[in-house]
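Trainee: Please take me through one part of this model in detail, the place where the two chains meet. I would also like to hear about the surroundings of that part.

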Amino acid sequence: MADDRVSMTTGGTMPAVGIGYRAAINRWTRENLHRFDALEITVDHCLAGSKTLRSAIFDLVGRIPLTAHGVGLSLGTDAPLDLAYLDRVAEVVERLRAPAYSEHLAFTRVPGRETAALLPLPKTEEVAESIIAKVRTVQSRVPFPFLLENITYVFEWPDSKMSDAEFLNLICRETGAGLLLDIENVYLNATNHGFDPHAFIDALQPGLVKEVHMAGGVTISNASLAKPLLADSHSHPVPDAALDLLKYALARHTPSVIILERDDRLEAGNEILDDIARIRACVGAARSRKTHGEALVGAAG
Amino acid sequence: MAKPLLERQVSLIEHMSSEAAIFGRGDGAADLEGIDHALLRVEARFSYAKRMEKIIAVLPQTFALLGSAEAPVVRAFVEGCPQTTISRLENARQFYRFLSLRWKREAPDPAYICDVAACEMACAELDADDQEPDRAKDEVCTIRSGIRRCRSVILRRCAYDVRPIFEPQLKAAPVKRETPLVIALPRGSDRPQIFEVIPAVFDLLAALDDWTDPPALFMGQDFARLLADLTAHGLIEVRP
């Protein structure tokens, strides 16, 4: 079999479209494998998942291109990285034949205590320097391209001085890391915190976006909140506004893969397939626009 | 001068793991640098929900049996046992240890819930990892031949026959009867199975925790046939 690591894109021009692999819909996923170009594997499931889960995941190697995504590194904890964990990640990425390894620009734990929630970092130059050093460590232990993912956050540290895009650009520029652009997170953050998501996408360095995440969440309203909060629950169809942002991003960036994340209401398989079709339509529209634009440029020249 | 980032991260996570943040009791931490407590509560609830989802996935029958006791039990667990890992199995182990201690102080209700929890935990342990078996012990083992209980076999001496809980087709309620149960992952099976064995076989399996010389266990003429049968069922392994 050809090395799937060479290119994740379909035909070299269009991003591959797929879903995050979830054990609860293993059978459904296999039955519908022909509908996806790629699957995203959570490397932590390969490290600490059940024997059944690990076996099911590794059985997919060679059947469909796989990408490797982590949730257990806690890159942003202000403490040394777990190098043994990274070495195990490297083994998994190799075994999955994944083209890259992605993790969140966040922290989830401190020594002795875990939240499993992706928490934001103060966006300052000092914190960025610390993260840059850690990303270099990751790159030295996991010999595959490393991608950082932007997270959604419900609160901000008061001492943050940089914008989301400035913070990401700085870290990626200094380390050569790529970006796994979570468009749902951009949409949620922009809505919850009142900034322009288009300006965020425009501000990202050209060529930075290597992969994309899409998802759909819920709105939380309760008396203690000043306003309703959009939450990244990965439970519902992708909102139209996020698909519009995807189109906007695809006009400016060329990711190799777009992954739909779904963690809840997994029984609604038709919703998942419908989202895949909507994402493919966005990809098709972006491609048409680019082709049309190139033709116009060619005619003018 | 600003506090070191780690110190600030510790304060934040300690607050988010607290009963105050998760269940909205009390004031919680006062010095969270102006971060909106209502927003932190939302984050804390997400984290708590994820954790409980993992535990319930491992111990579904136990949770179903907790019934109305679930809320106070879970609150006490959250208060006493903060999350230390994202591992589903480790969180379930933590909850199981918490329940086991609680059931030493308070009578379990229903009485057979501890046997159900023990069996569910055993199933999860078996399914968790086949890479962990006691390799170090194997390496230092000096016996060149012998028999031992397969690593994929867990023994539980239950006070109740709880198999109907795991086999709904039996359509019976657990009955109080000392029941020697074997939880095993038979060859070719992808799911652990729970079955009862006679006490003598249970005791034999319990004695075979490490490599043992068969003659030392000689118990009669049928012994070889029994060993062959247990080997065929994947309960013991033989090193020639």
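Mentor: What follows starts with the interface and then turns to a few sites within each chain.

This is a predicted model, in which local features need pLDDT of at least 70 and side-chain atom pairs count only at pLDDT 80 or more, while totals for chains, interfaces and linings use all residues. Residues are numbered from 1 along each chain as its sequence is written, chains are lettered from A and ligands numbered from 1 in the order in which they are written, and side-chain values use heavy atoms, with hydrogens and water left out.

The interface joins 35 residues of chain B to 38 residues of chain A by contact, meaning heavy atoms within 4.5 Å. About 3,300 Å² is buried between chain B and chain A, and 65% of it lies on carbon and sulfur atoms. Buried area here is the accessible area (1.4 Å probe) that two parts lose on being put together, summed over both. In chain B, the residues that lose the most area to chain A are B:Q9, B:I13 and B:I86, which together account for 17% of what that side buries.

Between chain B and chain A the count is 1 salt bridge, defined as a side-chain nitrogen of Lys or Arg within 4 Å of a carboxyl oxygen of Asp or Glu. B:R8 forms a salt bridge with A:D159, with 2.8 Å between the closest N and O atoms.

On the chain B side that touches chain A, the elements giving two or more residues are α1 (5-16), α3 (37-58) and α7 (113-128) of chain B. Helices (H or I, at least four residues) and strands (E, at least two) are DSSP runs, numbered from the N terminus. By class, that side of chain B has 17 nonpolar, 7 polar and 11 charged residues. Ala, Val, Leu, Ile, Met, Phe, Trp, Tyr, Cys and Pro count as nonpolar, Asp, Glu, Lys and Arg as charged, and the others, Gly among them, as polar.

The buried residues of α3 (residues 51-58) of chain A are A:L53, A:R54, A:A56, A:I57 and A:F58. Buried means under 20% relative accessible area, exposed over 50%, and partly exposed in between (1.4 Å probe, protein chains only). Their cover includes α1 (26-31), β2 (38-42), α2 (43-48) and α4 (83-96) of chain A, together with α7 of chain B.

Chain B as a whole has 11 helices and 5 strands, and buried residues make up 45% of its 240 residues.

A:G178 is in strand β8 (residues 178-182) of chain A and is buried, at 4% relative accessibility. Not counting residues up to four places away in sequence, A:G178 touches A:F146, A:L147, A:L148, A:C172, A:L208 and A:K210. A:R265 lies in the loop between β12 (257-260) and α10 (269-300) of chain A and is partly exposed, at a relative accessible area of 26%. Leaving aside neighbours within four places in sequence, A:R265 is in contact with A:S235, A:H236, A:P237 and A:E271.
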